[in-house]
Amino acid sequence: MKILVIDDNVVTREVIAETLIAAKYEVEKSSDIIDAIPRLGVFKPDIIILNTKTGKNDVDTLTAVSKLTGSHVLPLTDADEQTIKNDVIVGSPENPFKDIDIVSRVNDLANEIRKKDKGLLLRLFTKESKNEGTECNFPNFEFGKSYVIFEKEPNIIYKAIECFTGKDYDVFVATEKTKFIAEKFKDGNDKIKVLKLSVKPREDCTEVSKLGTITDQIKKFISEKERPAIVFDDLLTITEANGLNSTMTMLYQVLNSGIKKRISLIFSMDDDILTGSDRELFLHNMKQYGIRGDFDEN
């Protein structure tokens with residue numbers, strides 16, 4: 001859990017930061033809101049501790065930017081100070097504060113955030129399209145269902161692409177292996193659209209950290225195609241760049257793009273970085289491919 005401490009008093013700022021670091025939080029510091037704004041997009045804090053006098057314009061600015069980063073603001077206020085609250089700015093411990101009070105309130109807010117995120121992620125793959133028809137093939141692939149394929153290196157995922165293109169579906173492939181895809185599936189195949197991904201900035205490529213851009217291009221594809229199948233041949237790269245929660249939220253947004261039509265979402269990843277809880281989130285109402293009678297590469 002990441003926390004950004006904004007305080008115009010250097011001593012107080014250091015005390016709050018050290019207290020939270022001792023409580024096992026990842027912490028960065030800013031002297032004021034102007035200094036904090038550029039950090040929000042890079043550090044992406046879950047919680048912002050605000051201990052500085054602010055005007056309405058400052059609050060509005062911080063609220064707007066915090067919404068984009070998904071941050072929650074926890075202001076420290078004087079006993080006679082009225083706190084402006086909204087869906088970003090939450091409960092306010094009084095100043096002067098005790099270390100234990102800060103840690104306790106942050107722990108409570110962190111638990112609230114985790115519960116909210118878990119609720120969102122558990123709903124990630126529960127949406128089902130209403131359209132009829134679940135054809136496709138290649139042992140037990142069904143169009144309209146979502147699959148996760150846990151494999152060290154992308155392999156079975158390419159069988160899925162073959163399955164869908166062979167049955168005249170439109171396939172969107174997000175991949176770093178553009179040359180391989182072009183050779184394997186014949187460059188110029190109008191049933192496949194390839195989004196070229198790259199970890200570093202490259203001409204004609206989309207950075208894996210640009211989740212908004214990736215999502216927008218997928219939504220556009222879904223809106224234009226009758227039977228779209230969305231494929232990520234290596235979701236691990238995207239997860240490492242953006243974190244698990246942000247990646248799964250992106251997938252949730254993709255699935256919601258198909259509210260008026262049936263779509264399939266399939267991705268492959270090495271699950272070595274996943275905890276048992278992470279796997280449960282991926283597999284909640286989603287099928288793990290390669291087991292229970294499905295195609296087994298072994």
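**Notes on the predicted model**

1. Start where two helices meet. Leu235, Ile238, Thr239 and Asn242 of helix 8 touch Leu244, Ser246, Thr247 and Leu251 of helix 9. The residues of this contact split into four nonpolar, four polar and no charged. Bear in mind that this is a predicted model.

2. Now the geometry of that pair. Helix 8 spans residues 235-242 and helix 9 spans residues 244-256. They pack at an angle of about 125°, and their axes lie 7 Å apart. Helix 8 is therefore oblique to helix 9.

3. Four strands pair in parallel, in the order 2-1-3-4. Strand 2 (26-30) and strand 4 (72-75) are at the edges, and each has a single partner strand, so one side of each has no neighbour in the sheet. On average, neighbouring strands here are turned by 20° against each other, direction ignored.

4. Look inside this sheet. Strand 1 (residues 2-7) and strand 3 (residues 47-51) run parallel and are joined by five bridges. Leucine 4 has isoleucine 48 in strand 3 as its bridge partner.

5. Two helices pack on the sheet. Helix 1 (residues 10-22) touches strand 1, strand 2 and strand 3, and its direction makes about 165° with that of strand 1. Helix 2 also touches strand 1, strand 2 and strand 3. The direction of helix 2 makes about 150° with that of strand 2.

6. Which residues of helix 2 are buried? In this helix (residues 33-43), they are Ile33, Ala36, Leu40 and Phe43. They cover an arc of only 95° around the axis, which puts them on the same side of helix 2. The face turned away from that buried side carries the exposed residues Ile34, Pro38 and Val42.

7. Move on to strand 7 (residues 147-150). Side chains in a regular strand alternate between the two faces of the sheet. Here Tyr147 and Ile149 point one way, while Val148 and Phe150 point the other way. All of them are buried. Strand 7 pairs with strand 12 (residues 264-269) in the parallel sense, over four bridges. Valine 148 stands opposite phenylalanine 267 of strand 12.

8. Is threonine 175 buried or exposed? Its relative accessibility is 1%, so threonine 175 counts as buried; the cut-off for buried is under 20%. Leaving aside residues up to four places away in sequence, threonine 175 touches Ile181, Val194, Leu195, Lys196, Leu197 and Asp233.

Methods:
Residues are numbered from 1 along each chain as its sequence is written. This is a predicted model: local features need pLDDT of at least 70, side-chain atom pairs count only at pLDDT 80 or more; totals for chains, interfaces and linings use all residues. Side-chain values use heavy atoms; hydrogens and water are left out. Buried means under 20% relative accessible area, exposed over 50%, partly exposed in between (1.4 Å probe, protein chains only). Two strands pair if DSSP finds at least two bridges between them. Axes are lines fitted to C-alpha atoms, for helices over the stretch in contact, and angles run from 0 to 180 degrees between N-to-C directions. Angles under 35 degrees count as roughly parallel, over 145 as roughly antiparallel, 65 to 115 as roughly perpendicular and the rest as oblique. Contact means heavy atoms within 4.5 Å. Ala, Val, Leu, Ile, Met, Phe, Trp, Tyr, Cys and Pro count as nonpolar, Asp, Glu, Lys and Arg as charged, and the others, Gly among them, as polar. The arc is that of the directions from the helix axis to the C-beta atoms.
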